[in-house]
Amino acid sequence: MAIQTIPDWLQQVFDNLPLSLFCRDPEGRYLFCNRQFAAQAGVAEPRQLIGQTDHLLPWGDRFVAEDRELLASRRPLLSQQLKCEDLQGDWWVKTHKVPFYANDGTPLGIFGVTEEISHFKGIESALLSHQNLLRHLIDAIPDLICLARTDGSLLEYNQALLDFLALTRNHPDLEQPGCVPGYGQLPEDSGELALADVHGERHLMEVTRLSVTGLSEPASLLVYRDITGLRSTQLQLNRARHFDSLTGLMKLATFLDKAQRLPAEPSCLLMVDLQHFREINDRFGIRIADQLLSQVAIRLQDSAPAGTLLCRLAADDFCLLAPISRLPDGLMGWCHRLGNLISAPYAVAGHRIQIDCHMGIAEGLSHDAERLLGHAEAALARAKEQSAPFHFFDPVLAARVQRRKQLEQSLPSAIRQQQLFLVYQPIMYAADGSLHGAEVLSRWRHPELGMIPPDEFIPLAEHLGLISQLGLQVAKRASLQLAQWRKHHPALQLSVNLSPLQFRSPALCHKLQLCVKEANLPTNSLELEITESVLMENAEEIDNNLRQLQAAGFPLAIDDFGTGYCSLSYLPRLKVTNLKLDRSFINELENDATTTAIVRSVIGLAHALGIQLTAEGVETEAQRAWLTEAGCQRLQGYLFSPPLAASDFAERFLDQDPLPHS
């Protein structure tokens, strides 16, 4: 075909297009091209390429065979993307080539359009990188995620879902309807669904479903979160909150809650306390003791009739609420049978252990369990006092419970308002009958109940956590009173009692020092009486307090000596200054030879250790004479005086010359 030039106006049009245009004849010679193509070929003007072939151009004969195939096939080549290289670097083009023919079908050439797409390839590469990043991110999520069609086939999914289905990406099954896990059971928006994986393992899934718009077809985004472990943990925590981990029985709060929901049916509530469980714990160890408790719980469950609620109250205390109508042999018979069952020997880790119990029993309506629990507790305390296997709550106990409640309500304000008053019982020197000092005692006159015995309100103050406040109040008031008396009797000494619970406070010594300091007294003017149980406590704060009190100069006396389990090794180590021999020994001095021998031994021990000895509860002249002859230095009791108010004590014992003993 003869090479012809195109009109100038058309050349100008082609030159101003943002594309590279060219036309080659069947032999590969250029028929025309525009300026942009000429620049890519490395020439200044398009006409310079007319009649030339690719042989001498930068890309050489690369496209010769391709052009021949296009002419032969009579098919165009569209959107071919090519990576090109030159001295400036790599660049991309997109080419469209169309073969054209004469009317008789003779090939005339190939017309081509080339467009540089390096910028779009950069965008495409960035988009692909972004898609790959999103793919990695979504595959890293442990939740099952998928985009599903309405028929349950999958448009998109992550690796977690493939793992759950045990399928590979692009597996044909993923395109099948109903492939979505749990299809047909899916919630409208969110909910829980139990699913089994390909291995048959059950999973509890929290499924969230969202409608996705803007796609070519309706679809839903589904997110499956496996909450099997979470629900299991929640169940365990819930069980731990409501049930005892050792015995499996209900805890008290759960027990009372369930009892309130019961119908109002005549029932009995039993509180069971195992005797001497601490000794078993100390002897066999906690592991054996725990196994024993588990066996006790099993026996309680086996003996309980249908509809009975059981709970573990404390380490060795249990509670049963049973409908009376379902007790086969009546309440009394069931209590006897239950006691015998608990007391029967246990085989625990090769040990044969037998343990008895006390039971407190209260009757009433089942939904009133909280009140019955208080009644059963009072009955249990009575059973322990009487060493009886069980005791029923009765009107006498009801009155005691009512009295205790009244005292519990009154005691805090009585202490806070300093309504309790102090009395003083003299302590005399045995040798000449002169006054040594006095023991300070608290008394409480209730406005409605009258005088309350100390052995009733002192334990109550300990139970209510008020004993430290009361003890400090007594020490402070006694110190102020002593300061007044010592103006004329400088050797006078007062003794105050300390509760074992006060020794739990690390600030005990400091507070007592403030009491005597505010009264301008020396610390040795206030003797502190402690019980043997304090010395038996193996607690760091107690030992620290004892050492601090000694270092501060407070004299220490052991009260009710001989009635506890005190190791004599404590006496020299703690530098006790005084032993107060319990009144139970004094009462038997005239009648029991064994008691007489014990008292002589204690007096000899005190002399050998350089410790003063005070005999409490001296009531007869014979007792006084015997104790004086045996070498007891101090005496205290009703023979000399009952506890007196401060004014009466001063009138009777202090309106005399100053004390002769230092």
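This is a predicted model: local features need pLDDT of at least 70, side-chain atom pairs count only at pLDDT 80 or more; totals for chains, interfaces and linings use all residues.
Okay, so a residue counts as buried when its relative accessible area is under 20%, and as exposed when that area is over 50%.

Let's start with Phe32, then. Its relative accessibility is 13%, so Phe32 counts as buried. Its partner is Phe111, and the two rings make a tilted aromatic pair, with 6.2 Å from centre to centre and 40 degrees between the planes. Now, where do these two sit? Phe32 belongs to strand β2, residues 30-33, while Phe111 belongs to strand β5, residues 107-116, so this pair ties together parts that are 79 residues apart in sequence.

Okay, zooming out a bit. How many aromatic pairs does the structure hold? Twelve. Another one of them is Tyr30 with Phe37, also tilted, at 5.5 Å centre to centre and 50 degrees between the planes. Tyr30 and Phe37 are both buried. They also belong to one aromatic cluster, together with Phe22 and Trp59.

The charged end of Arg74 sits over the ring of Tyr101, 3.8 Å from the ring centre. Over at Tyr346, the charged end of Arg299 sits over the ring, 3.5 Å from its centre. That's my bit, thanks!

How values were computed:
Residues are numbered from 1 along each chain as its sequence is written. Side-chain values use heavy atoms; hydrogens and water are left out. Rings of Phe, Tyr and Trp (its six-membered ring) pair if their centres lie within 6.5 Å; planes under 30 degrees apart count as stacked, over 60 as edge-to-face and the rest as tilted. Buried means under 20% relative accessible area, exposed over 50%, partly exposed in between (1.4 Å probe, protein chains only). Helices (H or I, at least four residues) and strands (E, at least two) are DSSP runs, numbered from the N terminus. A charge sits over a ring if NZ of Lys or CZ of Arg is within 6 Å of the ring centre and within 35 degrees of the ring normal.
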